[in-house]
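This briefing sets out the architecture and selected local features of one protein model.

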Amino acid sequence: MSRRDYLFTSESVSEGHPDKVCDRISDEIVDLVYREARKSGMDPWKVRVACETLATTNRVVIAGEVRVPDSLLKKDKNGNVVTDSRGHPLVNPSKFKSAARRAIRSIGYEQDGFHWKTVKIDVLLHGQSPDIGQGVDNAADRQGEEGAGDQGIMFGYACRETPDLMPAPIYYSHKILELLAAARKNGGGDVARLGPDAKSQVTVRYVDGRPSEVTSIVLSTQHVDSGWDNKKVRQVVEPYIREALNSGGITIADDCAWYINPTGKFVIGGPDGDAGLTGRKIIVDTYGGAAPHGGGAFSGKDTTKVDRSAAYAARYLAKNVVAAKLADRCTIQLSYAIGVAQPLSIYVDLHGTGKVSEEQVEKAIRKVMDLSPSGIRRHLDLNKPIYAKTAAYGHFGRKASRDGSFSWERTDLAKALKEAVAS
């Protein structure tokens with residue numbers, strides 16, 4: 001029997017956090033390759049990106065393996081593609097550097113120790129390993145179908161705690177930072193003196209299994225003015241914190257503990273204050289610890305990588321199970337083997353809230369959606385430059401957009417799931 005009364009905490013980090021800067025750059029690279037593929041006539045199904053970014057004081061390093069159109073490849077004076085010692089084609093770094101600078105500028109870094117104009121950028125991308133490529137291009141279990149790019153397990157989760165069917169602590173942690181970022185960029189006065197780097201943390205009291213009130217709030221935010229103390233920072237940010245919590249209808253406990261810049265001033269931030277890496281905030285990216293995580297990061301990967309696409313599919317299915325009122329909470333696990341198209345297993349846990357059995361939902365899932373990598377990409381229309389905006393404030397609990405981004409947040413499969421369960 002699960003606990004009904006307890007405290008639970010989740011954290012979020014802003015787009016200017018060093019790790020999130022790296023996630024953003026890596027996802028800008030993914031979007032760049034998809035855009036260039038469409039412009040050049042390359043089949044977007046053939047795009048491959050596995051891009052990792054490191055950022056530190058005035059330095060960005062972009063490394064990984066890619067399969068890109070000719071427009072992004074390095075050429076010699078005769079127009080021939082330049083390769084490395086193993087015959088892997090090398091990329092032309094100019095467009096990749098420009099994408100990184102645009103990302104850093106958009107985030108807002110114009111500091112002496114990290115400035116979008118002056119930061120040194122190394123691009124160490126090269127052609128994809130044919131050993132990995134053959135596993136994706138030729139599935140072992142289906143003729144002409146894509147195989148999974150690697151083995152692994154992926155989880156999806158949904159619950160009724162918030163309007164977007166996300167756990168309350170991570171939902172509110174994200175909202176606080178989103179509002180502050182928008183105000184920093186678009187507002188005037190003191191809030192415009194905040195810096196890009198910030199972290200939030202929200203503790204929620206659950207009563208009878210439902211979120212009841214916020215018992216503690218932690219916010220550390222960079223600020224430009226070195227004369228500010230934490231009392232001044234609280235004066236600036238508290239209205240936005242209260243707005244974020246009120247937007248979801250949760251109350252702040254009378255004895256709520258507030259920790260705003262608890263160490264004092266926070267002027268030097270971002271990659272100048274702490275090195276960043278792609279893929280180090282996977283719990284922030286998903287459910288804030290309220291659900292299992294398979295361990296794979298999302299950013300910098302094209303959607304043949306099931307770390308990304310199957311995690312999106314699992315969230316999509318879990319959200320539709322809850323939207324269909326088949327359960328109030330749903331966790332779904334998918335597992336894959338490299339070079340094999342179909343998942344090895346589908347596991348469903350309805351946490352004692354199901355109106356039907358887990359076995360019924362598992363069977364229904366197989367009926368309503370092809371969960372091969374290419375099936376997921378077709379169903380959710382993932383072969384698009386839609387990933388830079390996923391890099392901060394969570395990949396889940398966002399609004400599906402007309403450009404195709406966050407398609408995994410739609411609830412258009414609820415009816416089909418209901419019918420499949422009933423059949």
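In this predicted model, Gln111 has a relative accessibility of 19% and therefore counts as buried, the limit being under 20%. Gln111 belongs to strand E4, which covers residues 110-111. Leaving aside residues up to four places away in sequence, Gln111 is in contact with Pro196, Gln222, Gly269 and Asp272.

**Overall dimensions and composition**

- The protein contains 10 helices and 13 strands.
- The C-alpha trace extends over about 70 × 60 × 30 Å along the principal axes.
- Of the 423 residues, 55% count as buried.
- The accessible surface amounts to about 17,600 Å², and carbon and sulfur atoms account for 47% of that area.
- When contacts between residues at least 6 apart in sequence are considered, 72% of them join residues at least 24 apart.

**The sheet E6-E3-E2-E11**

- Strands E6, E3, E2 and E11 form, in that order, an open sheet of four strands with mixed pairing.
- Strand E6 (120-127) and strand E11 (276-277) are at the edges with a single partner strand each, so one side of each has no neighbour in the sheet.
- Helix H2 (residues 93-107) packs on this sheet, where it touches strand E3 (59-67) and E6. The direction of H2 makes about 130° with that of E6.
- Strands of a sheet pair through backbone hydrogen bonds, in either a parallel or an antiparallel arrangement.
- E3 and E6 run parallel and are joined by eight bridges; in this pair, Gly64 stands opposite Leu125 of E6.
- E2 and E3 are antiparallel, with nine bridges between them, and Ala50 stands opposite Glu65 of E3.
- A hairpin is formed by E2 and E3, with two residues between the strands. Asn58, in the turn, has a positive phi of about 50°.
- Strand E2 (residues 48-56) also runs antiparallel to E11, to which two bridges join it. Here Leu54 stands opposite Leu277 of E11.

**The sheet E1-E8-E9-E10**

- A further open sheet of four strands has the order E1-E8-E9-E10, and its pairing is mixed.
- Its edge strands are E1 (6-13) and E10 (251-260), each of which pairs on one side only.
- From one strand to the next, the twist averages 20°.
- Strand E9 (residues 210-223) pairs with E10 in the parallel sense over six bridges, and Val214 stands opposite Ile252 of E10.

**Helix H10 and its cover**

- Helix H10 comprises residues 414-422, and its buried residues are Ala414, Leu417, Ala420 and Val421.
- Viewed down the axis of H10, these buried residues lie within an arc of 125°, so they line one face of the helix.
- Lys415 and Ala422 are exposed on the other side of H10.
- The cover over the buried residues of H10 includes helix H7 (306-323) and helix H8 (358-368).

**Positive phi values in loops**

- Most residues other than glycine have a negative phi, and most peptide bonds are trans.
- Lys325, a residue other than glycine, has a positive phi near 65°. Lys325 is located in the loop between H7 and strand E12 (329-336).
- The relative accessibility of Lys325 is 60%, so this residue counts as exposed, for which the limit is over 50%.
- Tyr393 is not a glycine, yet its phi is positive at about 70°. The loop that holds Tyr393 lies between helix H9 (373-380) and H10.
- With a relative accessibility of 9%, Tyr393 counts as buried.

Technical notes. Residues are numbered from 1 along each chain as its sequence is written. This is a predicted model: local features need pLDDT of at least 70, side-chain atom pairs count only at pLDDT 80 or more; totals for chains, interfaces and linings use all residues. Side-chain values use heavy atoms; hydrogens and water are left out. Buried means under 20% relative accessible area, exposed over 50%, partly exposed in between (1.4 Å probe, protein chains only). The arc is that of the directions from the helix axis to the C-beta atoms. Contact means heavy atoms within 4.5 Å. Two strands pair if DSSP finds at least two bridges between them. Axes are lines fitted to C-alpha atoms, for helices over the stretch in contact, and angles run from 0 to 180 degrees between N-to-C directions. Accessible areas come from the Shrake-Rupley method with a 1.4 Å probe; for residues, only the protein chains shown count as cover.
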